[in-house]
Structure formats: structure tokens, C-alpha cells
Amino acid sequence: MFCCLWPRPPPLEAQTQVINPGGVNLAVIDPVFWSSLHNPTLVLPPVDWPVEVLVDGVRWLQLASLDPQGAIRTQTTRELQLPQGSNSLPPAIVFVQHPWDPTLTQKAPVYLTDGATADAMVYWRNFFGPNMVFAFAIFSLLAGLMTLWYWLTTKGARDNGFFYYSLFALGFVLSFIHYLLGFDSAPSLVLEKIRVIATPLWFLAFALYLLHRLGKARA
């Protein structure tokens, strides 16, 4: 949808070979393509389990945490600048995956491109992804708290529609709490449990609000 905003680089996934079922992926880079890059950079998608990025045998980056009490997945697109070296030969890049289920493998493509293009890709992918959800969640949090405060402080007959709306707005925040607290040390398992519980309650609050408004419209 937004591919027209930047030149689309060739996916590194198309040049990647899975060398064993344990989740170790070796990236095979075309030397001609590598030598044409200025400031070569990897664009790394969000991951659903920990992934280590090794460059020439050295771990340059780890996505998510190997500790189940930490962030076991990531929500944002990241970039990793690679060493170009003095020769035109590309480095050996290995992606070591640690899925919770050995039968799974990361399907999202990884891109190798120049630094300027990588900056644009990371910016727009995060803008139309987690950053936009984060903005909606902050707005819903403020709207929910303000509406709940208005309902609690209203004198006389209270309109329960305000209460149902506040539950709906706050339920949206809890349903996307993994975006609000998506930092590297966040306890992903705890946030996932909150999200799973809050999502049906969010829909229930919306149904109650809708039924309340329809009932008042018929009255």
C-alpha cells in the first residue's frame, strides 16, 4: 500500500538458505549487489520469538529476550548497520532463531539495502504500525478516564452510556497493551494474558454501549 513511498529493495529472504530445521538461517548475499550499497543496512521485521543476528560469527543484535519473563517478541521494525570493510566481499550473516515450537520458523522478510532507504522503511513501517496503534491507545486512555470521571461526578440521574463508553475505551487500551509496553524488558507473557482477557471484555463493553444507545433512541 505504501510501497510507493520508497524504492523497494530486493528481499534478503529470497537469497536465504535454511541450513537446518533448528532455526539457523544463513544469508547468501550477491557480492555485486553488496558492492553497490552505500552504508549497507539490514531492515529487520518484528519477531514472534528471540532471534540472534550474527555477523562474521559475532552477535551484533538480539531481537527479543531468551528469558520467558522478558520480551519474548518485538513489535517494531529495526535496522542494523553492517560493516562494509576494505574489500567488496559481503560478511557472513546468520539468523539464529529460538522459536518456542521447534516446527516454526520466522516468515517475515529481511531486507538488505542502503542506509537512507533503510531509514525510510523503518520510519514508515513503524509509523503505520505500532506508532499509530500507540497513538490511538493514548487517545482512548484519555477519553476513557475523562468519560469515567464525568460519569462518577455527575449529580442526579447518571447516564450509564458514559460508563459503558469508558469501559469500551479502556478495554481498547488493555487489548493493545503489548504495544504500549513493548519495550525490550517488558514481560510479554503477562501482557499477553492481559490482552487475551481484555479483548472479549472490550467487545462486550461496545455491545453494552450500543444496546444502551439504541434503547435510548427508541424511547
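R213 is partly exposed at 29% relative accessibility (partly exposed lies between buried, under 20% relative accessible area, and exposed, over 50%, with a 1.4 Å probe and protein chains only). R213 forms a salt bridge with D159, the closest N and O atoms being 3.4 Å apart (a side-chain nitrogen of Lys or Arg within 4 Å of a carboxyl oxygen of Asp or Glu). The model is predicted: local features need pLDDT of at least 70 and side-chain atom pairs pLDDT 80 or more, while totals for chains, interfaces and linings use all residues. Residues are numbered from 1 along each chain as its sequence is written, and side-chain values use heavy atoms, without hydrogens and water.

**Salt bridges**
- The count is 2 salt bridges.
- D159 is buried, with a relative accessible area of 19%.
- R59 is partly exposed at 48%, whereas E52 is buried at 14% relative accessibility.

**Nonpolar surface patch**
- F134, I138, L141, L142, L145 and M146 form a nonpolar patch with about 540 Å² of accessible area together (residues with over 30% relative accessible area and no salt bridge, nonpolar side chains being joined within 5 Å; areas by the Shrake-Rupley method with a 1.4 Å probe).
- M146 lies in helix 2, residues 115-153, and is exposed at 61% relative accessible area.

Methods. Patch = residues over 30% accessible without salt bridge, like charges linked within 9 Å, V, L, I, M, F, W, Y side chains within 5 Å. Helix = DSSP H or I, 4+ residues; strand = E, 2+ residues; numbered from the N terminus.
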